[in-house]
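Please look first at the sequence and the structure shown below, and keep both in view while reading.

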Amino acid sequence: MGFTVVNADETMLPQIEAIEQACFSMPWTREQLLSQIDPDRHVFLAAVEDGAVLGYVGMMFVLDEGYIANVAVAPPARRRGVGRALIASLLARADQMQLAFVTLEVRPSNHAAIALYEGFGFEVVGRRKNYYDKPSEDALLMTKFRKGATLSC
């Protein structure tokens, strides 16, 4: 593993935006990605190797709840453990923040992502009908509950 996981910053946005364009049929805009660089409401991490961004993950949080917005790895960097390192780093941060749970949506057809998330203890807890466009598809709602955490109401 020749890369490191760091807090993403504005200088990385052009590379993050290119990865976003390569990975998603409805990519976020630069402004939407920029909004993720807000440590009071978001955790935004990037895997970097020799100045090149290989992938990124973003999570919004409110109180003790975390919501993973996007996970993306540049196609040439796949199968190198980048996604695994990003999720591990994000979950470590969620533990530091004492989040009760972290949740995300994933396409049911994205078997590699589902396997990755299940490997970290995420469970399917629901389905959102017709959540995705281009192509139209449901979303699986997957959640990882922190051991010993209690949900606040």
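In strand S5, the residue that Tyr-67 has as its bridge partner is Thr-103. This belongs to a pairing in the parallel sense, in which S4 and strand S5 (residues 101–106) are joined over three bridges. Between these two strands the chain passes from S4 through helix H3 (residues 82–96) to S5, and this β-α-β crossover is right-handed; the term applies if, with the strands pointing away from the viewer, the path from the first strand over the helix to the second runs clockwise. Helices (H or I, at least four residues) and strands (E, at least two) are DSSP runs numbered from the N terminus, and two strands pair if DSSP finds at least two bridges between them.

Before going further, note that this is a predicted model, in which local features need pLDDT of at least 70 and side-chain atom pairs count only at pLDDT 80 or more, while totals for chains, interfaces and linings use all residues. Residues are numbered from 1 along each chain as its sequence is written, and side-chain values use heavy atoms, with hydrogens and water left out.

**The sheet**

Strand S4 also pairs with strand S3 (residues 52–62), and here the two run antiparallel, joined by eight bridges. In this pairing Phe-61 has Gly-66 in S4 as its bridge partner, and Val-62 stands opposite Glu-65. The hairpin of S3 and S4 has two residues between the strands, and in it Leu-63 takes a positive phi near 50°. Seven of the nine residues of S4 (residues 65–73) are buried, so this strand is largely enclosed by the rest of the structure; buried means under 20% relative accessible area, exposed over 50%, and partly exposed in between (1.4 Å probe, protein chains only).

How many strands does the open sheet have, and in what order? There are seven, in the order S1-S2-S3-S4-S5-S7-S6, with mixed pairing. Strand S1 (4–7) and strand S6 (123–132) stand at the edges with a single partner strand each, so one side of each is left without a neighbour in the sheet. On average, neighbouring strands of this sheet are turned by 25° against each other, direction ignored; axes are lines fitted to C-alpha atoms, for helices over the stretch in contact, and angles run from 0 to 180 degrees between N-to-C directions.

Glu-105 has its place in strand S5 and is buried, with a relative accessible area of 14%. Its side chain is joined to that of Arg-128 by a polar contact of 2.7 Å, where a polar contact is a pair of N or O atoms within 3.5 Å; within protein, one must be able to donate a hydrogen and the other to accept it, and residues adjacent in sequence count only if both atoms are side-chain atoms.

Rings of Phe, Tyr and Trp (its six-membered ring) pair if their centres lie within 6.5 Å, and planes under 30 degrees apart count as stacked, over 60 as edge-to-face and the rest as tilted.

| Pair | Centre to centre | Angle of planes | Kind |
|---|---|---|---|
| Phe-101 and Phe-145 | 6.0 Å | 50° | tilted |
| Tyr-131 and Tyr-132 | 5.0 Å | 85° | edge-to-face |

Phe-101 lies in strand S5 and Phe-145 in strand S7 (residues 137–145), so their pair ties together parts that are 44 residues apart in sequence. Phe-101 counts as buried at 17% relative accessibility, whereas Phe-145 is partly exposed at 41%. In the other pair, Tyr-131 is partly exposed at 37% and Tyr-132 is buried at 18%.
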